Amino acid sequence: MLLQIVQNITLITALAAIYSIFPQLSYKRNPRFILANGLIFGLVAIIAMSMPYVAEKGLIYDGRSIVAALAGIFAAPVSALLAALIAAVFRAFAIGGTGTIPGILTILEATGIGVLMHYWNDKHKITLGFSSLLFFGLVIHLLMLAAQLTLPNERWRTVIPAIAPAVLTLYPVGLALTGTLFVQNKKHIEEHFQLKESESRYRSIFENHHTIMLISDPDTGSIFDANPAAIEFYGWSKSQMLHMNQSDLRASSPESFYDSPATGSNTGEALNVLHRLRSGEIREVAVFSGPIEYAGRTLTFSIVQDTTEQRKAERLVRQLNQTLEQKVKDRTQELEQANKELKAFAYSVSHDLRAPLRAIEGFSSLLRENVAGHLDGTSLHYLDRIVYNSEKMGTLIDALLRLSRVTSQPIVFTNIDLSVIARETISELQQTEPERHVDVFVQDGLTAHADAALIRILLSNLLGNAWKFTSKAKSASIRFEASHSNTAERVFVVSDNGVGFDMAYADKLFSPFQRLHTETEFPGTGIGLSLVQRIIIRHGGKIWAKASPAHGAQFFFKLGDGNEQVNI
Amino acid sequence: MNKSTSEPSAILLVEDNPDDEELTIAALKNSGITNRVVVARDGREALDFLFRQGIFALRDITTEPRLVLLDLKLPTISGMEVLMALRAHNETRFLPVVVLTTSNQEEDILGSYKLGANSFIRKPVGFAKFSEAIKQLGRYWLLLNELPAQTSSACPA
């Protein structure tokens, strides 16, 4: 009896051997293999049942429970059920007899528990050990003993004691041993397939990717492998490439920094070199290299990037930048030249234009003195007009010069108090016309970051205008104030209750020599507000006005943040 | 007007524009300034006169200047160069020099003072104003202002 059981277990071990010979049987999960698996397990179960321990005719004991359990645990559930079906049919119809029912029950319970273990194992992803297999073996075979209770005529009373010692020792141990073998086998097979799969994945990347890839010897530089992208790029056939060295790809470069070790560095940094194609064409490439394990050796894996177009574009950009810089330089020079000429022009106007004017005026005055007694009123009037207009022209020339100076003189930002400057300006105006009474309000503490000299010109023009245009008002009033926030957005206002102007002409206000009043009404050069505007622009600020005829004027201005100086 | 005939009393007018020369002389006359006026028409002439060289090597002692009215824009040697030369010379280093010019450019004003000008006056366009300016400067520099004895070229420094 013992011999037959041992024989049975040996048979089962052979099953494990079959599995290790055909590894895909246990690994692949397609219908063909599931079917094959079911048939193999079923067949082994039949073989096991063909050489049993025969208790009596129709009552046999063998390793089918072990086979069914193994099928449940290790094969796909469908395979296990197929194997169980085959074994059960064989047991029922080929053998038959009194033991048929417990025999079939044994097959079913072993398969069922095996399948349960299979799911449990799948879910928890643990490797089945010897002890857990032994435990399940015990459960399965206790149930096998229980199945004997279905034997007719209380045969179990004699059968169970007879088979129990072997069934509860040899069978579970046999299951555990064989199962462990299966587990080990399966593990190896899985590892093997994973390795193969990952290898084929990388091979596929190497073969199919459009990036140029080379594998070469780090010491000699000889090429071990080249992918189709490399073959297409270089134009050599694969067999030609495998007989080449990486240094054969190099084109000697006039730029010495391109020359570096033939196989490149393994630092992961790009090596910029020139490669010569089979056609003789030379391309600029970036070679990225790294070590790779290959057939037990450390080789150099290189990715070659064709950077010819990119470099060409870079050079173009650099060239454009240089051209641009040169252009800026040229323009700056032109501008500087123009400024210099403007300055020279201003100087010339100041000096040379005034000289003849002084002569006209001076000699007219002298003439008037000499001949005053001999001339009629009209002639004297003419002489007066010559003198008056010469002086007027002198004033205009001076105004023009001031305008050019406001534009060209360098601007110096300091913290200044506009209130103080405004009061000083008002008191100067008062001194020119001591008889006038003007109601003046200047808000205290109007500070700003600005050019002191320019702001003085600005306020002297704005307040001077207010003073001038209120000269005919009954009770003249001038105000200088500002919004409260002390920022670049702060708005200053100079307002008066003078003659004002029609807003229809507002766009002409700041143009040089534009006047909205006649010379006899209010004298002036027409330069004041264009000076003011230039000063505001140079500070990065803004100026605008509100007025209506006979209802006074308001001039609003902002000074900017004092950081950006504007050249005009 | 002269305190004594032995003291320098002439006015050296350095002016290249004949109209300006005439107007300045007329203004001096209008202001009642009777001092002798010597005119140099460029910087070269001015220096020759001051240092008694060239055509002025043998000039009259009565032409010794007490005041120089100096235009800046001159042919050959400029007004600034004249100023520099006479301030560098021992005999003329304290000689009052009033820059009288049409320019009021900052660099001209600053440059003149840096080189030792005593005064800077911009010729106004109006003759009346010009006459007034000449009158005031004549009074101040010829009558009011005191000079050290060394200024005289008669006393070698």
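The accessible surface of chain A comes to about 29,900 Å² (Shrake-Rupley method, 1.4 Å probe). Carbon and sulfur atoms hold 60% of that surface. This is a predicted model, in which local features need pLDDT of at least 70 and side-chain atom pairs count only at pLDDT 80 or more, while totals for chains, interfaces and linings use all residues. Residues are numbered from 1 along each chain as its sequence is written, and side-chain values use heavy atoms, without hydrogens and water.

Of the 568 residues in chain A, 43% are buried, meaning under 20% relative accessible area (1.4 Å probe, protein chains only). The chain has 16 helices and 14 strands, taken as DSSP runs (H or I, at least four residues; E, at least two).

Beyond its neighbours within four places in sequence, A:Leu459 touches residues including A:Leu418, A:Phe480 and A:Phe557 (contact: heavy atoms within 4.5 Å).

Turn to helix H5 (residues 127–144) of chain B. Its buried residues include B:Phe130, B:Ile134, B:Leu137 and B:Trp141. They fall within an arc of 160° seen down the axis (directions from the axis to the C-beta atoms), so they line one face of H5(B). The buried residues pack against helix H12 (308–371) of chain A, and against elements of chain B including helix H1 (18–30). The face turned away carries B:Ala128, B:Lys129 and B:Leu144, which are exposed (over 50%).

Notes
Chains are lettered from A and ligands numbered from 1 in the order in which they are written.
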